[in-house]
Amino acid sequence: MAIIEAKNLCKNFKIYKRNSGFLETVKSLIHREFEIKKAVENVSFSIDKGELVGYIGPNGAGKSTTIKMLTGILYPTSGEVSVRGLIPQKNRKENAMHIGVVFGQRSQLYWDLPMIDAFDLYKKMYKVDDITFKKNIDFYMDILDMKEFINRPIRQLSLGQKMRAEFSVALLHNPDILYLDEPTIGLDVLAKKRIREFIKQINKERQITVILTTHDMDDIEHICDRLILIDKGRILYDGKINEFKTSFSEESVIEFIYEQNDKNHDKSIFEVEGIKLFDGEKGKKYASFSKKQYTSAQVTRMLMDIYEIIDFSIKDQKIEDILNKMYTALGNEGRDS
Amino acid sequence: MEYLSLYLDFVKIKLKGMTEYPGAFWAESIAKMMGWAANLIIIYLMVFRFENVFGWSAYEVLMLYSINATSYSLAGFLMFDAFGMLSRHIQMGTFDEMLTKPMNPFLYLCFKGFSTGYIGNLFSTVTALIVCFVALNIPINFTNIFYLIFIIIGSSLIHSAMFMFVNIPVFWIVKADALLSLRWALDEFIRYPISIYDRWIQVMLTFVLPIAFINFYPVQHFLKKDDFLGFSPLLAHLTPVIGIVLFALGYIFFFLGVRNYKSTGS
């Protein structure tokens, strides 16, 4: 059964135009022109209990806006949100009782308070009974290794410790849903790994539904089963993470520079099926090919036969690259149909 | 009611936090205490020099001022950080947190922002109040103390509403500095008995922006004065009613603002 349902969700923001020039500025004091920015446009999805969903997209794609509508922070311009069968904006307290929120760049801890006191406060706030409280504290202390800093005020903790603390308070009341907005931002590799394992474990043991936004593709790969990709407020992809990987990240790219003055080569000379050439800046060229079809060595050899290569490097595809390609691909598809 | 002890916990946290930096606490309290004491003394000396202002003696004017300042300080405990910082909460997006807790966002904002910075003010202004009571031979008996508390609760509510009305517009316009200065300008008006102003200002301070109810009308009950500017003497007892109405309007205004909260991207 769906625990979270979004139907034709839209959120518009008014963006006031800034005009240059003195007269225009004066005019804008009286009458300001604005345009409507559609931050989220017709987004629909349905998430089942226990799912681990990665919600990704570039900056300004509408990720946070969607999450904020799901948590009840923002009111949708149109469309419906239903979380556990309730509208979060209307049933704020009831909704808050059953969700946990970790926003990577905003803390919900109390600066001068050690964790042990924050726990007591949250126990009261969420009306957690003594048995659950004791059980959860022991569990988090152990799994998140918090014993060493439980008595220190939050302000003295490292970022990694703070993030662990954030998770433990967000989960103290056994929420059904955990919303994570960039939970691993700024953490070192080890701390990231720890957080990822923790998320997977609590999902498995407690059937907590997790919705995660991040820019770190590794987070998604390690944690999520399902991926929702959004750009310019619209959903571009919604499906299994495995399918996403096979269809979009199997490409590899070789970047190379070659001697240009001997013969007038151009890409028409290099016509091997499955290998595409692109011009880059400063005389660089890129050859992209499917890893299923060729190995990097094969492609390099072929390139060397034709071009007098001075330097080359095999590019690991960055997340941004894969995503970029995806947006273009999906965008074109959309236009054609 | 079940939340009362939870809200009081936030006060405890702040007090605990305060003990972490005792130096800062004492410095702030003593500085504020002295600043406000200086204000009080200046008012007293000024009126004393002129013997009286429109029939109000120096101690009577001092009492006006100290009732205003006491209720302002009391309102400040819960309202100053909550609403004074609202603009920053909104710019930084930290207001998000108020909306994801199983609590009333208004009360959560107020209690989480509990400020210990007004203890010094309160010390000065309450001292001044006691001085006025003694100097003006107002009997300090049960009825008078009860009535004083009654009034101060009412005028604290009016001050709280002022905190709200000048700051809540930040939900729409993000910054409200101009409104803040308007608020301080208004505060200047009620330092002296409003009988000194033109008729239209008196009407405005009574019916439009009813801040004369903070001190001018209620204090006359103690001073046995009859300076009601041609309005009904009943106005002396209306402070708590005005306070509750304004506070309720501010509360509604706040939730209208929440509907319009835009948060910020992360």
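How many bridges pair strand 10 of chain A with strand 12 of chain A, and in which sense? I found seven bridges, in the antiparallel sense. Strands here are DSSP runs of E of at least two residues, helices are runs of H or I of at least four residues, and both are numbered from the N terminus. Two strands count as paired if DSSP finds at least two bridges between them.

I noted that this is a predicted model, in which local features need pLDDT of at least 70, side-chain atom pairs count only at pLDDT 80 or more, and totals for chains, interfaces and linings use all residues. Residues are numbered from 1 along each chain as its sequence is written, while chains are lettered from A and ligands numbered from 1 in the order in which they are written.

**Domains.** I looked up the division of chain A: domain 1 covers 2-246 and domain 2 covers 250-316. These bounds come from an automatic or database domain assignment. The C-alpha centres of the two domains lie 42 Å apart.

**Sheet.** I traced an open, antiparallel sheet of four strands in chain A, ordered 11-12-10-13. Strand 11 (275-279) and strand 13 (309-315) of chain A are at the edges; each has a single partner strand, so one side of each lacks a neighbour in the sheet. From one strand to the next, the twist averages 25°.

**Strand 10.** I then followed strand 10 (residues 251-258) of chain A, which is joined to the antiparallel strand 13 of chain A by six bridges. Glu255(A) has Ser313(A) of strand 13 as its bridge partner, and Tyr258(A) stands opposite Ile309(A) of strand 13. In strand 12 of chain A, Ala287(A) stands opposite Ile254(A).

Notes. Axes fitted to C-alpha atoms, helices over the stretch in contact; angles between N-to-C directions.
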